[in-house]
Every structure is written in structure tokens, then in C-alpha cells.
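Here are my notes for your first read-through. Keep the structure open beside you and check each point as you go.

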Amino acid sequence: MDVVTSAQREVRTSDVDVLVIGAGQAGLSAAYHLHKAGLQAGSDFLVIDRSPAPGGAWQFRWPSLTLTTVNGVSDLPGMSFAETLPANSAEVKASDAVPRYYRAYEERFALNVRRPVTVTVVCDRDGDGRLRAEAGNRTIATRALINATGTWEHPFVPHYPGAELFTGRQLHTKDYASAAEFAGKHVVVVGGGISAVQLLDEISLVTSTTWVTRSEPRFRDEPFTPELGRRAVAIVEDRVRRGLPPGSVVSVTGLPWTPTLRAAQKRGVLQRLPIFSTIEPDGVRWADGRFVAADVILWCTGFRSALDHLAPLRLRGPGGGITMTGRLATQTAADPRIHLIGYGPSASTIGANRAGRAAVKELLATLG
């Protein structure tokens with residue numbers, strides 16, 4: 001049972017203009033722009049977060065993810081990440097450095113984030129045009145909602161026949177802690193994203209691996225450019241504006257070659273196989289009869305947006321996507337009071353910053 005603090009008791013009867021759910025990059029960016037617009041944290045707007053401490057999903061990342069290996073941490077508006085970093089910070093764990101930054105940021109701008117508060121459902125409140133968010137025995141009424149719950153709480157594992165019969169261990173990227181725990185075991189790594197190749201490389205240094213992806217991975221030699229980033233965002237934005245589920249950004253940008261991955265290639269680690277067709281008790285099998293014995297299947301198959309609490313609002317279309325509108329595609333077409341940051345084109349840290357500013361501007365116009 002959660003210990004109910006005085007802050008949580010205060011949340012029970014909150015009635016605010018804007019509720020921000022989630023205090024990761026997207027939520028903090030939105031809160032900053034609300035603060036900058038002259039709204040008061042805790043009275044005009046409220047930021048709540050389900051995590052026990054500042055840091056968003058970063059506080060749960062695996063220990064080997066350092067500021068050298070991470071795929072980039074963007075500055076939040078109004079305060080640089082570098083301000084909170086010690087000298088020679090390259091090998092500092094991301095799960096330490098980013099939460100420290102977010103904590104300092106919350107304190108500097110007095111954002112008064114309430115945590116841990118988990119919203120279970122959001123629905124329309126009868127009669128007054130407000131939304132009602134339920135969080136346990138707490139109720140928060142709000143004129144507008146900025147949802148910034150990200151994806152960390154919704155790991156995606158595709159189903160393959162026989163998965164329930166596998167006698168080894170299955171885990172998702174979210175559950176990964178250290179390559180050392182797999183020593184002496186053969187690990188099948190499934191997935192073609194950046195996290196997949198990073199973990200594949202780590203694990204291959206301590207044991208044998210097989211790499212499996214649904215489609216052929218595409219590596220790029222050229223550096224990541226603003227133009228490449230804009231192209232990727234534009235494709236995802238087009239999808240959500242048409243009500244389609246967001247696509248994979250990596251499918252557009254490709255996987256960047258790094259010295260670490262070049263070394264893995266020389267060791268033969270990046271010999272990729274197409275996805276298997278079935279899972280058996282002691283391994284995986286392809287349609288042509290090929291079999292690979294496995295002790296572990298690591299699903300690096302990504303995440304889905306954590307939006308179940310918004311189900312009563314009926315935002316999703318028949319295909320599972322949410323039709324988005326607004327300048328940066330953060331506003332739900334079905335309800336202008338609701339903005340989703342960290343969904344679709346605003347899923348990156350840079351995109352979340354820009355989206356936070358745009359969402360606040362549009363919400364304030366909606367609220368008059």
C-alpha cells in the first residue's frame with residue numbers, strides 16, 4: 001500500500017486549468033512553457049508523475065548505458081544539461097546523470113511535481129466541460145490536458161507460436177540489467193533498433209548470440225544531419241495526421257555506424273537472420289527447418305505509447321492510431337483540449353521540447 005503524503009492528499013481535490021501527466025522530457029518542457037506563460041505550478045497547472053523520483057524513464061535504464069553510448073540527451077528549455085554534469089562525465093551512467101539534471105530543473109523553475117501519482121483513467125466530467133483524471137482515490141478536474149506519459153511502461157513483445165512453451169528465459173529491453181547475467185548461455189536478440197544492436201554488442205562480449213530482425217537492418221555511414229532528422233519526423237508526422245499508428249524513426253534514419261559496432265562487425269556479431277516462425281521449448285525455428293538452440297530470448301522490439309488511461313475519451317480510430325492536428329501534430333483532432341507530447345513526431349527528446357512550446361501556445365488559445 002502506498003504511503004499517502006501531504007502532497008498526495010492535496011492532489012485529491014485539485015481543480016486546475018491544465019494537468020500535465022508525466023514528468024519526463026516532454027512533461028517538463030510543457031511545464032516550463034506553462035510557467036513562462038505566467039501560470040503558477042500547483043494552482044493554475046499541475047504536473048504529476050508515476051515514478052518515485054525525478055528522471056522519467058531514464059532512472060530505470062540499464063547501468064551500462066553511459067553518456068558515451070546513449071543516443072543523445074537534449075537540453076530542456078531554459079537550462080542546459082551540461083550545467084549539472086561533473087568533469088570527465090563521458091562514462092557517467094545515464095540513469096544517474098539525467099535524473100540529476102531533471103531534479104535540478106524541477107527545483108530551478110519550481111515546477112512542484114507531485115509523485116508518485118498514477119492516473120488510471122481520464123474521462124469527461126459531466127456538465128462543466130472539464131476533464132476528470134482519477135488516480136486511486138484522488139480526483140483532478142482540469143480544463144485541458146497535456147499527456148506526456150511516454151512509452152517505457154508499455155514494452156511491446158510480438159507473439160510467435162510456441163512462445164509460452166519456451167523453457168528458457170524471455171525478457172524485454174526494459175528488463176535488461178547486465179550482460180554478465182547471460183554468461184554461458186546462448187542468447188537470441190530480436191530487434192533492429194539502436195538499443196538492440198547496443199545490447200547485442202554487449203552480450204556478445206560474454207557469450208554467444210544470434211541476431212534476428214523482421215526486416216533487413218540499414219546502417220548508415222554518413223553523420224546524422226538536421227535534414228535527416230527533419231525527414232524522419234515529417235514521415236511520422238504525416239502518419240499521425242492521417243490517424244495511422246506512428247512508424248519507426250530508425251526505419252527512416254538507419255542505424256549509425258560507431259567504432260563499437262564496427263568492432264562487433266569484425267567479430268561476426270552482426271550476421272543477421274530473418275525472423276523465425278516458431279518458438280520451441282529449447283530454441284527457435286524458421287519455416288525452412290533451420291533451428292537455433294537458445295537459453296534466452298531478448299526482445300528488443302520497442303515500446304508502444306502508454307495511453308490506456310485515455311481509453312474512455314475514444315481518441316483512437318479503427319486502426320489503433322490517433323488522428324493528430326495542430327502546428328506540430330500534438331493536438332488530438334477529436335478533442336482540442338487534449339495534447340499528446342511524446343507521441344508520434346514529438347517522441348524524440350528534441351521533438352518533445354518543440355512540441356511542449358507549441359502545445360502550450362495552442363492550449364492557452366483554446367482556453368481563452
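1. Is Ser95 buried or exposed, going by its relative accessibility? This is a predicted model, so treat the answer as a computed one. Ser95 has a relative accessibility of 12%. Buried means under 20%, so Ser95 counts as buried. Look for Ser95 in helix 3, residues 94-108. Setting aside neighbours within four places in sequence, Ser95 is in contact with Trp58, Gln59 and Arg61.

2. Now turn to Asn88. It sits in the loop between strand 2 (45-48) and helix 3.

3. Helix 4 covers residues 194-204. How much of helix 4 is buried? The count is 8 of its 11 residues, so the helix is largely enclosed by the rest of the structure. The buried ones are Ala196, Val197, Leu199, Leu200, Asp201, Glu202, Ile203 and Ser204. What do they pack against? Their partners are strand 7 (187-190), strand 8 (209-213), strand 10 (255-256), helix 7 (259-266) and strand 15 (296-299).

4. Next, a helix pair. Two packed helices are described by the angle between their axes and the distance between the axes. Helix 2 (residues 25-36) packs against helix 8 (residues 349-367) at about 35°. Their axes are 8 Å apart. The crossing is right-handed. Helix 2 contributes Gln25, Ala26, Ser29, Ala30, His33 and Leu34 to the contact. Helix 8 contributes Thr349, Ala352, Asn353, Gly356, Arg357 and Val360. By type, the residues of this contact are 5 nonpolar, 6 polar and 1 charged.

5. Finally, the cores. In soluble globular proteins, nonpolar side chains tend to be buried together. Here the largest nonpolar core has 61 residues. Which residues have the most contacts inside it? They are Val18, Ile146 and Leu298. Take Val18 and leave out residues up to four places away in sequence. Val18 then touches Leu34, Leu39, Asp44, Phe45, Leu46, Thr142, Ala144, Ile146, Leu363 and Leu367. Another core, of 24 residues, lies apart from the largest one. Among its members are Ile21, Leu46, Ile338 and Tyr343.

Definitions and conventions
Residues numbered from 1 in each chain as written. Predicted model: local features only at pLDDT ≥ 70, side-chain atom pairs only at ≥ 80, totals over all residues. Heavy atoms only, no water. Buried < 20%, exposed > 50% of the residue type's maximum accessible area, 1.4 Å probe, protein only. Helix = DSSP H or I, 4+ residues; strand = E, 2+ residues; numbered from the N terminus. Contact = heavy atoms within 4.5 Å. Axes fitted to C-alpha atoms, helices over the stretch in contact; angles between N-to-C directions. Left-handed = near helix turned anticlockwise from the far one by under 90°. Nonpolar A, V, L, I, M, F, W, Y, C, P; charged D, E, K, R; others polar. Core = buried A, V, L, I, M, F, W, Y, C linked by side-chain atoms within 4.5 Å.
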